[in-house]
Structure formats: C-alpha cells, structure tokens
Amino acid sequence: MKLKKILAGFVAAAMAVTTMAVSAFASTVTLDSEYVGSWSAGLCIPKTELEAIGGDVKVTLDIETRNLANTADQFLLAPMDYDNSWTRVTDQLTSDTMVAKPDGFVVVKEGQTSVEFVITGATIASLGDSGLGFQVQNVIVKSANLEAGSPEGAYTIIEEADVKDYCFSPAEDTAAEETEAPAEEAVEETEAPAEEAAEEETEAPAEEAVEVTEAAPAETEAPAADTTTAPAATGNTAAAAIAVVMVAAGAAALVSKRK
C-alpha cells in the first residue's frame with residue numbers, strides 16, 4: 001500500500017516540475033490591424049499579460065509604417081501608461097536598438113517592421129490595469145511578442161531636427177558601408193602577379209604537404225561535440241529533467257529501504 005503511495009507521490013512531483021518548467025513562457029498579444037489615427041492610441045498590452053511573464057520583460061513590437069499619399073513627415077510611437085494620463089514610460093525602458101526623441105517618442109524608419117525594448121518588473125507594477133499603450137503617428141502597432149528579458153543598454157536619442165532625415169534614410173546604409181571594404185581588398189589581392197603565386201606554390205616543400213594531410217583527421221572529430229550541446233532556449237527543460245531524476249532517485253531509495 002505504501003509503495004503505491006510512493007509511486008503516486010513520484011507522479012505528482014513530476015507533474016509539478018513540468019508545470020514549473022513552462023511557467024516562464026513567451027506570448028504574443030494581438031493589437032491593432034488598422035491605423036488608429038494621428039496622435040491616437042489603440043489597444044494596449046494588458047498588465048496581466050506582462051505580469052504573467054514575470055520580472056523584466058522583453059517586448060518585440062510588430063509594426064507597420066503608414067505614409068498615405070506620401071504625406072507623412074515622421075514615424076513615431078510612444079510607450080505609455082494608458083490609465084495614468086498617457087504618461088510616457090520610454091525613459092524607463094532599455095534597448096540596444098531603439099531610437100527615440102528626448103520627449104519619449106520612439107522614432108522608426110519608413111518600412112521598419114519591429115521595435116524591441118525591455119521593460120522592468122517595477123515599471124510593469126506601476127502601470128494601470130489597461131497596461132502598456134502606444135500613442136502613434138503614422139505607425140500601426142500590430143502585435144507584441146513578450147518573453148523574459150534582462151536590462152539592455154541605453155537607447156539612442158536624436159534631436160527633433162534630425163527626426164525626418166532619420167525616418168527617411170535608407171535602412172541599407174550601414175550594410176552598404178560594410179560591403180565596400182571587402183570589395184577593395186579583393187581587388188588588391190587579384191593584382192598580385194600570377195607568376196609569384198605559381199612560384200610560391202612550387203617552392204613549398206613536399207614535407208609540408210604531408211603534414212597538412214596528417215592534421216586533417218583531427219578536424220573531422222570536432223562536430224561530434226555539438227550533439228551533446230544543451231538547448232539554448234530557456235534552460236527549463238534541463239532543469240525539469242534533473243528535478244524529475246532527483247524525485248525518482250528519492251522514490252527508489254524509499255522503496256529499497258522499505259524492502
């Protein structure tokens with residue numbers, strides 16, 4: 001009879017561990033499908049949704065810029081406490097990628113599709129029940145992905161006079177600058193005389209070639225280590241497995257002692 005109780009306790013403990021393992025989760029909140037109007041606010045991320053993640057929360061907004069008849073001169077959104085006079089909370093957020101004005105309006109480029117930031121647990125606790133809202137100008141906030149986060153760096157601040165240029169500057173500028181340098185290097189490499197390259201290849205001692213072929217097998221063994229790498233998602237699965245093993249070990253010890 002006691003053995004049945006022990007097994008029942010083991011099952012209950014395993015289920016409890018599984019429940020704890022999925023408590024830190026990610027969720028997606030659907031917001032606005034259409035533009036809510038200039039300087040207006042649409043649906044909010046409910047406070048309960050933010051609190052359900054626990055602690056600091058990383059928010060990734062799925063957005064769409066709107067430039068009706070090419071009349072837009074800027075693209076803005078302001079994270080705010082909807083229930084408390086639309087008070088902006090931008091200065092309480094951290095982000096390695098976000099750009100904002102000193103007044104708290106986040107500035108986005110035309111065609112930009114996402115905005116990411118981390119909101120602290122303390123800021124979430126201070127929000128009204130409606131949660132985190134967004135005042136917008138020429139931007140549709142379509143949805144928000146929520147997940148556990150940790151503080152990032154300070155976001156970039158630009159002045160009002162630079163907003164229009166930023167909004168309409170091509171997003172590919174940085175990528176273009178990075179690709180220019182390698183192209184020049186490639187030209188320099190191709191300028192080397194073919195005769196020099198041939199001489200260098202023929203002058204290499206035969207012994208060196210042998211050493212290279214002997215070293216090759218050592219490299220083929222490295223990828224095998226990747227098969228034992230733990231998943232990098234949340235760490236909950238590994239923790240749950242360890243906890244279940246510990247519970248099972250305890251149950252086995254009790255059964256052994258009973259015998």
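Colleague: In what order do the strands of the open sheet of five strands stand?

Modeller: Strands here are DSSP runs of E of at least two residues, and helices are runs of H or I of at least four, both numbered from the N terminus; two strands pair if DSSP finds at least two bridges between them. In this predicted model, the open sheet has the order β1-β11-β3-β9-β6, with antiparallel pairing. β1 (27-30) and β6 (93-94) stand at the edges with a single partner strand each, so one side of each lacks a neighbour in the sheet. Within the sheet, β3 (residues 57-65) and β9 (residues 114-119) run antiparallel and are joined by six bridges, with T60 opposite E116 in β9.

Colleague: On what basis are the values computed?

Modeller: Residues are numbered from 1 along each chain as its sequence is written, and side-chain values use heavy atoms, with hydrogens and water left out. As the model is predicted, local features need pLDDT of at least 70 and side-chain atom pairs count only at pLDDT 80 or more, whereas totals for chains, interfaces and linings use all residues.

Colleague: Why is strand β4 described as largely enclosed by the rest of the structure?

Modeller: A residue is buried under 20% relative accessible area, exposed over 50% and partly exposed in between (1.4 Å probe, protein chains only). Six of the six residues of β4 (residues 76-81) are buried, so the strand is largely enclosed by the rest of the structure. Both of its faces are covered: L76, A78 and M80 are buried on one side, and L77, P79 and D81 on the other. Of the 259 residues of the protein, 29% count as buried.

Colleague: Which strands are joined to β4 by bridges?

Modeller: Six bridges join β4 to β10, running antiparallel, and L77 stands opposite V136 there. Two bridges link β4 to β8 (residues 106-107), also antiparallel, where L76 faces V107. The hairpin of β4 and β5 has five residues between the strands, and S85 takes a positive phi near 60°.

Colleague: Which residues touch the most other members of the largest nonpolar core?

Modeller: In soluble globular proteins, nonpolar side chains tend to be buried together. A nonpolar core is a set of buried Ala, Val, Leu, Ile, Met, Phe, Trp, Tyr and Cys residues joined through side-chain atoms within 4.5 Å. Here the largest has 41 residues, and I45, V59, L61 and F134 touch the most other members. Strand β11 (residues 139-148) supplies the largest share of this core, five residues. Leaving aside residues up to four places away in sequence, L61 has contacts (heavy atoms within 4.5 Å) that include I45, L77, F117, F134 and V141.

Colleague: What volume does the largest cavity have?

Modeller: Rolling a probe the size of a water molecule over the atoms shows where empty space is left. A cavity is a set of points, on a 1 Å grid over the protein atoms alone, where a 1.4 Å probe fits but cannot get out; lining residues have an atom within 4 Å of a point. Grid points are joined across faces, edges and corners, and a volume is the space filled by probe spheres set on the points. The largest cavity has a volume of about 50 Å³. Among its lining residues are L31, D32, Y35, F134 and V141. β11 gives the most to this lining, with three residues.

Notes
On a 1 Å grid over the protein atoms alone, a cavity is a set of points where a 1.4 Å probe fits but cannot get out, and a pocket is an open set with protein on both sides within 12 Å along at least five of seven lines; lining residues have an atom within 4 Å of a point.
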